[in-house]
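Below are some notes on the model for you to check against the coordinates. They take the sheet first, then a surface patch, then the backbone.

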Amino acid sequence: MLLLLLLIFKGLFCPGEGIQEPRNSGPLHAAAEEVPVFHFLQSSSFVNNSWAYTQGSGWLGEVQTHGWDKVLDTIRYLRTWSRGNFSTEELKNIQSLFQLYFHGFIREVQAYASQFQFEYPFELQISAGCSMHVGKPSESFLNGAYQGTDFLSFQGNSWLPSPGAGSQAQKVCRVLNKYLDIKEIVQNLLSDTCPRFLASLLKAGKAELERQVKPEVWVSKGPTPGPGRLTLVCHLAGFHPKPVWVMWMRGKQEQHGTRRGDVLPNADETWYLQVTLDVATGEAAGLSCQVKHSSLGGHDIIIYWEGSSMFQRVTCLTAIVTAIALTALAFSFQRLRSSWNVLAPNMQESVTGANTQEPRSPGYQFCSAWDWWAKNRFLKKWKAILNRF
């Protein structure tokens, strides 16, 4: 089985006409503070010597780009650019490789489980990939874990047991290191194929990967931590990319009690973050939340705690005063209207001598109804506003 995999690896991943050499796409956007990494993740669960379950996926940083369809035994391309600039034939060959690899891996592990003293049920995990640094050679890695604990790694051109992994890992590495051709091919995959594919993905997915969305920032009061203390919360919502710097500040002095929560994903692939600070009630004045993000073009967002609080109070007070003034105006209008209704008939009678008991004209009745409706609707509206305060 190992010899078969050796031949497949050599046929698929030695550079040839099927692979287009990626062009230099220029430096990464300054927003990408994190070094771009492509990595393959595998998790295999072995229940007994005849049943096992394997999952595989590909990731560009924290963006999943590939999946493995366990029913069809095919690669799932999760982004429009997940193929990079590799040819269709090349991708089909890679898919065939993974089909044989996943099945072969399970059979080989089950065959060696007793010799390696793997006790059912057990879990094996593999993480392999590479990273790119601007102006520097790429770096690669391959790490294996047994039962969730570091077990071995591939470094240089050798398999090495992880510190503290014990005799099991040493035994596995001794067996793997006997296959010199396999080690050479693994080294080629990590040091050559992976960096080229990573560069290809970065170029193909440039528009999405370099998308810039400014954060919305506001501050609020959190749950009271105790008597005489406040929890100040700085909220950041809807920003992209993920790397962001946030700190509670007093002038230019960072507040080291600042606690940063987890950066959580939104449905639109932007991010959300809360940063908190517990302070004595009398020490809140003068504090601010400062945000640095690539989408801001070097112009930090600074939200002052007392500024936000004062603005809210002024806004609320202005709304209350305006509502009271308009309500008073409405009542004055109502009194004026009532006085006019008393005087109008007498004036009409004295001028025209008309019988005020005669039925009103349709036009007059319509206008009166309209006045009543408008006046009551106006009062109800401002009553509702006042009730909210």
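1. In this predicted model, an open sheet is built from four strands, ordered β12-β11-β16-β17, with antiparallel pairing. Its edges are β12 (253-254) and β17 (301-304), each of which pairs on one side only.

2. Strand β16 (residues 287-292) runs antiparallel to β17 and is joined to β17 by four bridges. Within this pairing, S288 has Y304 of β17 as its bridge partner.

3. V47, W51 and Y53 make a nonpolar surface patch of about 290 Å². Of these residues, V47 sits in strand β1 (residues 37-48). The relative accessible area of V47 is 40%, so V47 is partly exposed.

4. Q117 counts as partly exposed because its relative accessibility is 47%.

5. Another cis peptide bond runs from H240 to P241, with omega near 5°. P241 belongs to the loop between β10 (229-239) and β11 (245-250).

6. E269, also not a glycine, has a positive phi of about 65°. E269 is placed in the loop between β14 (264-265) and β15 (271-280). With 39% relative accessibility, E269 counts as partly exposed.

Definitions and conventions
Residues are numbered from 1 along each chain as its sequence is written. This is a predicted model: local features need pLDDT of at least 70, side-chain atom pairs count only at pLDDT 80 or more; totals for chains, interfaces and linings use all residues. Side-chain values use heavy atoms; hydrogens and water are left out. Two strands pair if DSSP finds at least two bridges between them. Helices (H or I, at least four residues) and strands (E, at least two) are DSSP runs, numbered from the N terminus. Patches are made of residues with over 30% relative accessible area and no salt bridge: like charges are joined within 9 Å, nonpolar side chains (Val, Leu, Ile, Met, Phe, Trp, Tyr) within 5 Å. Accessible areas come from the Shrake-Rupley method with a 1.4 Å probe; for residues, only the protein chains shown count as cover. A salt bridge is a side-chain nitrogen of Lys or Arg within 4 Å of a carboxyl oxygen of Asp or Glu. Buried means under 20% relative accessible area, exposed over 50%, partly exposed in between (1.4 Å probe, protein chains only).
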